Amino acid sequence: MPTDSGTHAAPPLVELENVAKTYAVRQGSIRRSADSVHAVAGVSLSIGANEAVGIVGESGCGKSTLARMVLRLLNPSAGNLRFKGTEYGEMSRAEVQEFRSTVQAVFQDPYSSLNPRMRVADIISEPLRSTPGMTRKARRSRALEMLDSVGMPALAADGYPHQFSGGQRQRIAIARALVSEPALIILDEPTASLDVSIRAQILNLFNKLRQEFGVSYLAISHDLSMIRHLCDRVSVMYLGRIVEESSNEHFYENPLHPYARGLLGSLLMPLAEGQAPQDPMPGEPPSAVNIQPGCSFHPRCDSAFVLCSSDTPELAFRLGCEADQVTACHLYEKAEVQPTELGGRKQ
């Protein structure tokens with residue numbers, strides 16, 4: 001479609017380009033610089049306005065480390081992170097202040113993230129304390145508005161966190177994240193500590209708030225049902241890398257990477273009556289210390305063949321991909337790869 005040459009598309013809210021995070025291995029008090037843990041190994045990702053992006057994978061795959069880098073709580077070892085087109089390290093003081101109000105987070109345990117000595121109104125309005133000219137009365141009024149938005153009564157404003165249930169505390173944490181009118185909220189396992197019935201209520205609340213406030217989400221979870229309910233796009237992480245990225249619809253209907261299929265098989269597929277549980281992904285992820293060449297999933301993969309153990313596949317559009325789907329798997333590089341050429345899982 002023709003566009004006006006005098007206009008330019010707005011940059012993503014947050015953009016990651018080949019971002020990596022490594023840690024030196026220590027034995028006691030001695031640092032062994034030759035060995036490194038590759039928590040995140042070259043991830044590229046963008047989050048646009050009013051978009052919900054999900055990152056899924058097993059524990060230890062690098063999801064939370066990635067979230068902390070997006071929040072500026074960790075510095076990357078390599079790669080570039082940009083906020084509205086500006087490199088994180090090149091932000092002016094005013095841009096850093098805007099970032100702090102624009103990018104917020106809701107974490108897994110609402111109790112540990114709420115100050116037990118503060119009243120709820122003060123907890124929610126705390127991000128507004130640095131707002132020039134905003135009085136205490138105005139901050140309290142804003143806190144009451146946020147309590148109403150998350151379905152909490154006004155009288156909760158004068159309570160303390162220990163007086164509320166887990167679901168109510170998570171609503172308070174969400175109200176605090178919303179109070180500064182952010183454009184992006186990082187959701188790091190936000191329903192993992194909640195009962196199933198409360199979990200559904202919180203997910204419905206997230207969808208309601210997205211429609212009401214136009215906020216974007218970066219949702220980090222191992223719970224694929226949560227991501228399906230909440231997100232537009234899904235990125236699958238394995239051992240620090242994204243191995244598949246797709247629209248929500250095509251990920252759940254047509255996952256390509258064997259690891260993505262294994263996740264869906266182990267977490268979502270119901271068993272028929274009398275059917276024995278399947279083990280689509282036996283074993284544990286390999287060590288993140290000094291990752292070897294090749295596809296890191298190949299020791300657990302039924303479809304692995306010789307190339308998988310020596311050459312690391314790139315994330316790209318491949319045979320079998322939908323238009324909005326990319327994967328990092330040698331199976332889809334060449335049409336002539338046949339099942340008889342596959343080496344099978346290594347024991």
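Helix H2 (residues 93-102) lies across E6 and E7, at about 35° to E6. The model is predicted. H5 lies across E6 and E7 as well, running at about 175° to E6.

Both strands belong to an open sheet of 7 strands, ordered E6-E7-E8-E3-E9-E10-E11, with mixed pairing. E6 and strand E11 (326-327) form the edges, and each pairs on one side only. Further in, strand E3 (residues 52-56) pairs with strand E8 (residues 216-221). The pairing is parallel and spans 5 bridges. Ile 55 stands opposite Ile 220 in E8.

Back to H5. Helix H5 covers residues 166-178, 13 residues in total. From first C-alpha to last it reaches 19 Å, close to the expected 18 Å. The helix is mostly covered, with 11 of its 13 residues buried. Among them are Gly 167, Arg 169, Ile 172, Ile 174 and Leu 178. What covers the buried residues? The cover includes strand E6 (103-106) and strand E7 (184-188). It also includes helices H3 (120-125), H4 (136-149) and H6 (196-213).

Now the cysteines. The disulfide count is 0. A disulfide needs the two sulfur atoms within 2.5 Å. Cys 295 counts as buried, at 13% relative accessibility. For Cys 321, the closest cysteine sulfur is in Cys 329, at 9.7 Å, so that pair is too far apart for a bond. Cys 321 is buried too, with a relative accessible area of 11%.

Note on methods. Residues are numbered from 1 along each chain as its sequence is written. This is a predicted model: local features need pLDDT of at least 70, side-chain atom pairs count only at pLDDT 80 or more; totals for chains, interfaces and linings use all residues. Side-chain values use heavy atoms; hydrogens and water are left out. Helices (H or I, at least four residues) and strands (E, at least two) are DSSP runs, numbered from the N terminus. The expected span of a helix is 1.5 Å times one less than its number of residues. Buried means under 20% relative accessible area, exposed over 50%, partly exposed in between (1.4 Å probe, protein chains only). Contact means heavy atoms within 4.5 Å. Two strands pair if DSSP finds at least two bridges between them. Axes are lines fitted to C-alpha atoms, for helices over the stretch in contact, and angles run from 0 to 180 degrees between N-to-C directions.
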